[in-house]
Amino acid sequence: MAAPMSRPHVFVKGTEAGLTFFLSEESSFGELRDELQRKVREAQESFSSGPPVPVVLHLGRRRFSSEREEELARILEEGGYFRVREIRADVFPEEESAGFRMPCARVYFGPVRSGEHVVAAGDLLVVGDVHGGAKVEGREAVYVLGRLAGEARVRESTGFIVASSLRAALLVIGDRHLAGADIPEELRDLPGFAVQTDGGVEVFPYREFRQFHFRGLEGLLPEV
Amino acid sequence: MGHPIVITSGKGGVGKSTTTANLGTALAMLGRRVLLVDADIGLRNLDLILGLENRIVYDLVDVAEGRVRPEQAYVRDKRMEDRLFLLPASQTKDKTAVSPEAMARLVAETGASFDFVLIDSPAGIEHGFHTAVAGAQEAIVVTTPEVSAIRDADRVIGLLEKKGIFRPRLVINRIRPHLAQKMEQVGVEEIVQILGVDLLGIVPDDEQVIRDTNQGVPTVLERRFPAAQAYRNIARRILGESVPLMRLEETPSVFTRVRRFFSRR
């Protein structure tokens, strides 16, 4: 009985613009490297004359570290027969996906009591008061449907903190903060929000919220 | 089994032991059998407030470690016939002498013979607090109208909820009506709103409580004082009665009324 045919680790396809090397998503890096070296050697006879052939290296639905991707490109360009035009993958680069807004917020039903620390990976919505001595934290936005008397923190410098009644002990946005004692007296215990400005973290009355441009809220806020 | 209720606060000096002694006595006056457990091991003082300090033979640690049966350690309050008993704390051990598991077992065992088991918790939120809470099914949180006491009460309410004791009830102690009227003290309504729990009662600041405490007499036995009335009201609410909150506005003295009369002229 004939042995079953194993799927190739590297599949080469010719196009008008040159060659595309498709790498199997199910193969290990070692398998890909060895087969790529073999295929490049086999192809050298056909492409020994003329300028280097432009090549696209297609990684499928995965990415390697930049060192490994460079190693694969070096194998392809050995001998000067191929020139890697592009390394392509059907996934978003990490730095690009980091910019995506979290699709949902964590909802916490309060009150958040003294000594408690509520953290959300994305945005945080607290339905209830945040008491003095309590801490709430979100990535880009913290919403408090109640009195914010404790500490609120958003990790992104572009983020904001909004509360129905703002008397926070500490507001932290990115790497800047505003101590509760520095919140203007006329804005305390009123609906308000905090953002990072050139002057650090500032508190504004809630009626001015719509005048700020917040990433991710496009289309949700009325135009002004 | 009787209701095991922990009386706690977080902050020290707000009147936990005084409240425990007075509520226990008031419940006994209303005909219930009550056991008071002093869980403040190493800082025993519930016995002093009840005037029972010279009658202690065994204590909570002796019972928890199995040296004596619980009944051997009970100190009976003769003023209440066979209705009020104290299980005193040890004064020579520390909080780690009794584990939360041992306390839970002890309360479960002793509760069958009583209508109420009131556990006087130590201040703080460390081991002693966790031990005191271990056997309780309900909680009374005592606070005073001071921001520090309110914050600590808030912390304790959160910890009680984590332990499955939801909806603890609140006693606001040492209210000074004249300060509240002048907005120099946090008001009752604001405290209830901040803490978000049901109010069980309010107790006015009454010098008689200090005098009685030093003499080992629960104030609730002295019927004519406002604090005594407040504790009796709280006890009746614990029994499920609907009792309106006391009016704490002070009636102006004759001299004040005369002075007001002449100042208007």
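**Chain A, contacts and surface**

I began with contacts in chain A (contact meaning heavy atoms within 4.5 Å), and found that among those between residues at least 6 apart in sequence, 35% join residues at least 24 apart. The model is predicted, with local features needing pLDDT of at least 70 and side-chain atom pairs counting only at pLDDT 80 or more, while totals for chains, interfaces and linings use all residues. Residues are numbered from 1 along each chain as its sequence is written, chains are lettered from A and ligands numbered from 1 in the order in which they are written, and side-chain values use heavy atoms, with hydrogens and water left out.

I noted three helices and 15 strands in chain A, taken as DSSP runs numbered from the N terminus (helices H or I, at least four residues; strands E, at least two). Of the 224 residues in chain A, 40% are buried, where buried means under 20% relative accessible area, exposed over 50%, and partly exposed in between (1.4 Å probe, protein chains only). The accessible surface of chain A comes to about 12,700 Å², 51% of it belonging to carbon and sulfur atoms; the areas are from the Shrake-Rupley method with a 1.4 Å probe, and for residues only the protein chains shown count as cover.

**Nonpolar cores**

I then looked up the nonpolar cores, each a set of buried Ala, Val, Leu, Ile, Met, Phe, Trp, Tyr and Cys residues joined through side-chain atoms within 4.5 Å. The largest has 79 residues, and those with the most contacts inside it are B:Leu87, B:Leu118, B:Ile119, B:Ile140, B:Leu160 and B:Ile238. Its largest share, seven residues, comes from H7(B). Apart from this core lies another, of 25 residues, including A:Leu124 and A:Val201. For B:Leu118, leaving aside neighbours within four places in sequence, I listed contacts that include B:Ile5, B:Leu27 and B:Val37.

I found B:Thr19 in helix H1 (residues 16-29) of chain B, where B:Thr19 counts as buried because its relative accessibility is 0%. Not counting residues up to four places away in sequence, B:Thr19 touches B:Val142, B:Asn173 and B:Tyr231.

B:Gln137 lies in the loop between helix H6 (127-134) and strand S6 (138-143) of chain B, and with a relative accessible area of 53% B:Gln137 is exposed. Leaving aside neighbours within four places in sequence, B:Gln137 is in contact with B:Pro4 and B:Ile165. I also noted that B:Gln137 and B:Gly164 are 27 residues apart in sequence but 8.4 Å apart in space, C-alpha to C-alpha.

**Backbone geometry**

Most residues other than glycine have a negative phi, and most peptide bonds are trans. I therefore recorded the exceptions separately. The peptide bond from A:Gly110 to A:Pro111 is cis, with omega near 10 degrees, and A:Pro111 sits in the loop between strand S5 (105-109) and strand S6 (117-119) of chain A.

B:Arg167, in the loop between H7 and strand S7 (169-175) of chain B, has a positive phi, near 55 degrees, and is exposed, with a relative accessible area of 61%. B:Arg174, placed in strand S7 of chain B, has a positive phi near 60 degrees and is partly exposed, with a relative accessible area of 33%.
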